[in-house]
Each structure stands twice: as C-alpha cells, then as structure tokens.
Amino acid sequence: MITSALPEKGDASAALDESITAWALAARSGDADAVEHFVRALHRDVLRYVAHLCADPQAVDDLAQDTFLRALGSLHRFEGRSSARAWLLSIARRAVIDSYRYAAARPRLCDVADWQLAIELAQPRHLPGFDDGVALLDLLASLPGERREAFILTQLVGLPYAEAAEVSDCPVGTVRSRVARARATLMDLLDEDGSSPTALEDATAVLVA
C-alpha cells in the first residue's frame, strides 16, 4: 500500500515542483529512492484531486493506487516538458474517467456523489480550524463542477494556473475566470453565513495544511 508523505507547509513552491520533476526523471532510470520520493511527495495531492472527481468515496484509495501504477508504467515517456505534478494529475483524471466508463458498463446499486466525504476523511480531526475546513467542503459542493475543479487544483493542490489549465485541458484564462468566480461565490456564501472576511483563506489553509 502506498503511504503519504508528510504534508508540505504553505503553498507548493517552484523549488518543490522542480525536485519532484527531477525525482520523476531519475525514476525513469530505475532509481528506487527517486521512485519513493516521487510517490510520497504527490500521494496526498492525488488523493485530494481524485476525491474531488470521484463519485464513490470508497474507490478513492484504489484510484490513487491505479494512478501511480499507470504513472510508474509510463515514466519512460515522461520528458519533463511539464511539471511531474501536472503530468501525474492528468493521469489521475484519466483514471477516474476510465472508472466512470467501467461503472457505466455494469449494473450499479447506487449513485451517491460524496467526494467531499472522502476529502473530509483524509483530514486530521480534533485540530483547531477543522470545522472551518469541513464547512468549506460543504460550500465547494455547491459550486459548478468546472469551477470547483479549478479552485481545488489551484487553491488546495497548489498548481500554477498554467499547469491547472493543462490538467483541465482548457486555456489559462478559463482557469483564472473559474477560480475568480468560485472565490466570489464562496465569499458570498460565507458573507451570508456571517463569517469573517478571512474565513475563506482560513478554511483553505486548514485543508492545505
């Protein structure tokens, strides 16, 4: 079973992305340590993103595992033209899409969209601000899917807008617009709830930490 690395503090930095990409390139040559560093560095991001896309919280771990198996099997084709993080999240997206296609081809007992539960279960409990993070997940559920994806990729996973656009297969300007609209909607919802002006940033920080 693949295990998560300790989460990074603050926003994902360019230096960290460069290190992750370097590990991916080294892993192409069979460097076992590089493989371990690559997987541990991105495991949490993949879990978060798959949980957002997947309608079945019980399948999140399996889809994350499938993502890494696909990535490790395709490392010989990775040339570092984009960051390894964006490359891996694109593979995660395809893994989820394939799972939907597979599910559509067989009988299903239920169809419960509960990605926010999967993210919530991945968060540490009994810590200051945990309730704020859960509240943000509830608010994210009210956003249109494309805006929610753009917000999670850039604000929670920490991808630069250009790489989020690559993952989402749309122009950078579209991602910026979706994030701006998502933030405006979330701020309006928080304002209606009587939350402080910094509530969105505080709640986002809880989920990223």
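1. Contact is used throughout this note for heavy atoms within 4.5 Å. The model is a predicted one, in which local features need pLDDT of at least 70 and side-chain atom pairs count only at pLDDT 80 or more, while totals for chains, interfaces and linings use all residues. Residues are numbered from 1 along each chain as its sequence is written, and side-chain values use heavy atoms, with hydrogens and water left out.

2. With neighbours within four places in sequence set aside, Trp87 is in contact with Phe38, Ala71, Ser74, Leu75, Phe78 and Ser82. Trp87 belongs to helix H4 (helices, H or I of at least four residues, and strands, E of at least two, are DSSP runs numbered from the N terminus). The relative accessible area of Trp87 is 15%, and the residue is therefore buried (buried means under 20% relative accessible area, exposed over 50% and partly exposed in between, with a 1.4 Å probe and protein chains only). From C-alpha to C-alpha, Trp87 and Thr21 are 9.5 Å apart in space, although 66 residues separate them in sequence.

3. Helix H1, residues 14-27, has 14 residues and reaches 20 Å from its first C-alpha to its last, close to the 20 Å expected at 1.5 Å a residue (the expected span is 1.5 Å times one less than the number of residues). The buried residues of H1 are Leu16, Asp17, Ile20, Thr21, Ala24 and Ala27. They lie on the same side of H1 because they cover an arc of only 135° around the axis, the arc being that of the directions from the helix axis to the C-beta atoms. Ala14 and Glu18, on the other side of H1, are exposed.

4. Nine salt bridges are found when the whole structure is searched (a salt bridge is a side-chain nitrogen of Lys or Arg within 4 Å of a carboxyl oxygen of Asp or Glu). Side chains of opposite charge can pair when their charged atoms come close.

5. Asp17, Asp45, Arg48 and Arg85 are linked in a network of salt bridges.

6. Another salt bridge, between Arg70 and Asp66, has its closest N and O atoms 3.1 Å apart. Both residues lie in helix H3 (residues 60-74), four residues apart, about one turn of the helix. Arg70 is partly exposed, with a relative accessible area of 27%, and Asp66 counts as partly exposed at 27% relative accessibility.

7. H2 packs with helix H7 (residues 145-156) at an angle of about 170°, their axes being 11 Å apart (axes are lines fitted to C-alpha atoms, for helices over the stretch in contact, and angles run from 0 to 180 degrees between N-to-C directions). That angle makes H2 roughly antiparallel to H7 (angles over 145 degrees count as roughly antiparallel, under 35 as roughly parallel, 65 to 115 as roughly perpendicular and the rest as oblique). The contact is made by Arg48, Tyr49, His52 and Leu53 of H2 with Gly145, Arg148, Glu149, Ile152, Leu153 and Leu156 of H7.
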